[in-house]
Amino acid sequence: MNRQQTIKITKENLEAVLLEQRENFDQKDLGLEREILPRIKSFLSVPHIVIITGLRRAGKSTLLAQLAKKYLKNNYYFINFDDDRLLDFNLKDFSLLDEVLLESFGEQDIYLFDEIQNIPEWERYVRRLHDTGKKIFITGSNASLLSQELGTRLTGRHVNLELYPFSFREYLCFKNQEALLESKISTKQKNYLIKYSNDYLQTGGIPDFLKYQKKEILKHLYENILYRDIVARYNIVGSKNLKELALFLATNVSSLVSFNKLKNNLKLKSSTTVKNYIDYLENAWLFFIVNVFDYSVKRQQIAPKKVYIIDNGLRNTVGFKFSKDTGRLMENVVFLSLRHREKEIFYYKTEQNHEVDFYVRSEKKLIQVSHAFNTNDLKIRETRSLLEAFDELDVDDLIIVTERDKGQINKDGKSIQVVPLYEWLLRE
């Protein structure tokens with residue numbers, strides 16, 4: 001619907017929209033209860049505004065419905081601002097919103113706002129509600145806009161939570177394989193875990209795609225992110241360069257990229273344009289960029305970056321793929337499992353220029369991902385990088401994540417844990 005076709009914001013029209021939204025919200029399929037729900041519930045007794053950010057279609061609206069159904073006892077308002085009929089809604093319309101909500105649903109203490117960052121200066125209204133003691137939950141698919149706007153007017157009054165596509169644990173529950181989550185499992189069950197972890201590498205964890213198994217769902221999601229969350233929001237004139245960059249990043253997941261080389265390959269005017277586009281893609285939760293670890297911030301900034309994508313299913317649908325790419329996909333899901341709980345993740349280059357996939361400084365961990373770990377040459381290569389890095393950094397744990405191997409390597413007085421992917425994903 002274009003702007004000329006939008007519905008004028010009148011009391012009658014707004015009331016009709018809100019009543020329909022609430023009816024749909026109350027009837028929403030709650031799906032699989034998300035692992036993050038108890039944590040969100042714990043903030044009900046805290047006065048802070050709760051911000052839930054994440055990719056489009058990762059389940060933020062469903063998560064709000066789960067919260068409402070299980071804990072809120074009908075004592076809430078729900079407004080979805082990602083509704084074409086509210087495209088012309090602006091700051092002055094919030095007074096009308098208050099009036100319609102009160103008349104339609106009575107006085108309530110809790111507000112559930114979906115994609116409110118679509119409304120200019122929305123944070124003024126949220127601050128006013130917060131100042132009157134209302135409890136507010138906000139979801140959004142642009143992490144930067146939410147944090148910038150709230151940081152300006154609501155410093156110290158909000159908490160940020162992140163929702164990702166299904167974790168491997170959630171994936172198993174979705175597949176009705178809860179028995180595989182038991183602490184003690186048989187050899188047969190371990191083989192099933194290997195099978196399901198390999199399936200998860202290919203499908204990812206976006207709920208609608210897992211439910212309906214239609215690649216068009218992922219293609220449509222990808223296009224929506226590019227055009228609605230980036231091109232329209234940042235007023236990008238012409239989308240060809242952005243699309244080519246996103247395609248390149250999706251194809252080269254888990255690889256090193258250089259802003260300057262990307263500029264030359266895509267024939268862009270400057271590496272600053274590349275950086276801006278990548279920032280937009282990160283803000284929309286499509287990609288993550290990881291720096292090399294170096295004590296010099298300047299060297300971190302100029303060194304090549306590693307790129308990861310929010311979901312393997314998206315990557316396999318929109319990126320070029322010449323093989324199963326198991327190694328790259330394994331590295332991507334290991335990164336995502338780390339990112340769930342830790343924001344500061346690096347890769348590392350030893351003084352001998354050997355690469356370690358992940359350095360988690362806060363946990364003193366070095367992690368290498370190796371799909372094939374069945375030859376002496378591979379074992380020497382993977383362990384060499386970890387052992388060199390161990391001598392150069394302050395770390396406690398050395399880990400190699402493999403497809404199925406499990407054990408321990410002792411060398412030069414150091415111990416390296418070898419962990420199968422399924423165990424790593426269930427442990428994290």
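Which helix gives the largest share of the lining of the second largest pocket?

1. Basis of the note. This is a predicted model, in which local features need pLDDT of at least 70 and side-chain atom pairs count only at pLDDT 80 or more, whereas totals for chains, interfaces and linings use all residues. Residues are numbered from 1 along each chain as its sequence is written, and side-chain values use heavy atoms, with hydrogens and water left out.

2. Second largest pocket. The answer to the opening question is α13, which supplies seven residues, the largest share of this lining. The pocket holds about 750 Å³ of space, and among its 35 lining residues Asp-279, Glu-282, Ile-289, Val-290 and Asn-291 lie nearest its centre. A pocket here is an open set of points on a 1 Å grid over the protein atoms alone, where a 1.4 Å probe fits, with protein on both sides within 12 Å along at least five of seven lines, and lining residues have an atom within 4 Å of a point. Volume is the space filled by probe spheres set on the points, which are joined across faces, edges and corners. Elements that each supply at least two lining residues include β1 (49–54), α13 (271–283), β7 (287–290) and α16 (326–339); helices (H or I, at least four residues) and strands (E, at least two) are DSSP runs, numbered from the N terminus.

3. Largest pocket. About 1,100 Å³ of space lies in this pocket, whose lining of 39 residues has Lys-28, Arg-57, Ser-61, Thr-62 and Asp-208 nearest the centre. Helix α10 gives the largest share of that lining, six residues. By class the lining has 14 nonpolar, ten polar and 15 charged residues, while the second largest pocket has 16 nonpolar, eleven polar and eight charged. In this count Ala, Val, Leu, Ile, Met, Phe, Trp, Tyr, Cys and Pro are nonpolar, Asp, Glu, Lys and Arg are charged, and the others, Gly among them, are polar.

4. Nonpolar cores. The largest nonpolar core has 76 residues, of which Phe-168, Leu-281 and Leu-314 touch the most other members. A second, separate core of 28 residues includes Ile-79, Leu-86, Tyr-111 and Ile-138. Such a core is a set of buried Ala, Val, Leu, Ile, Met, Phe, Trp, Tyr and Cys residues joined through side-chain atoms within 4.5 Å, buried meaning under 20% relative accessible area, exposed over 50% and partly exposed in between (1.4 Å probe, protein chains only).

5. Thr-383. This residue is in helix α17 (residues 376–392) and counts as buried because its relative accessible area is 5%. Leaving aside neighbours within four places in sequence, Thr-383 is in contact (heavy atoms within 4.5 Å) with Ile-400, Ile-409 and Ile-416.

6. Positive phi values. Most residues other than glycine have a negative phi, and two residues deserve a check on that account. Trp-285, in the loop between α13 and β7, has a phi near 70°, and Trp-285 is buried, at 3% relative accessibility. Lys-364, in the loop between β10 and β11, has a phi near 55° and is partly exposed, with a relative accessible area of 30%.

7. Glu-363. The loop between β10 (355–360) and β11 (365–370) also holds Glu-363, which is partly exposed at 23% relative accessibility.
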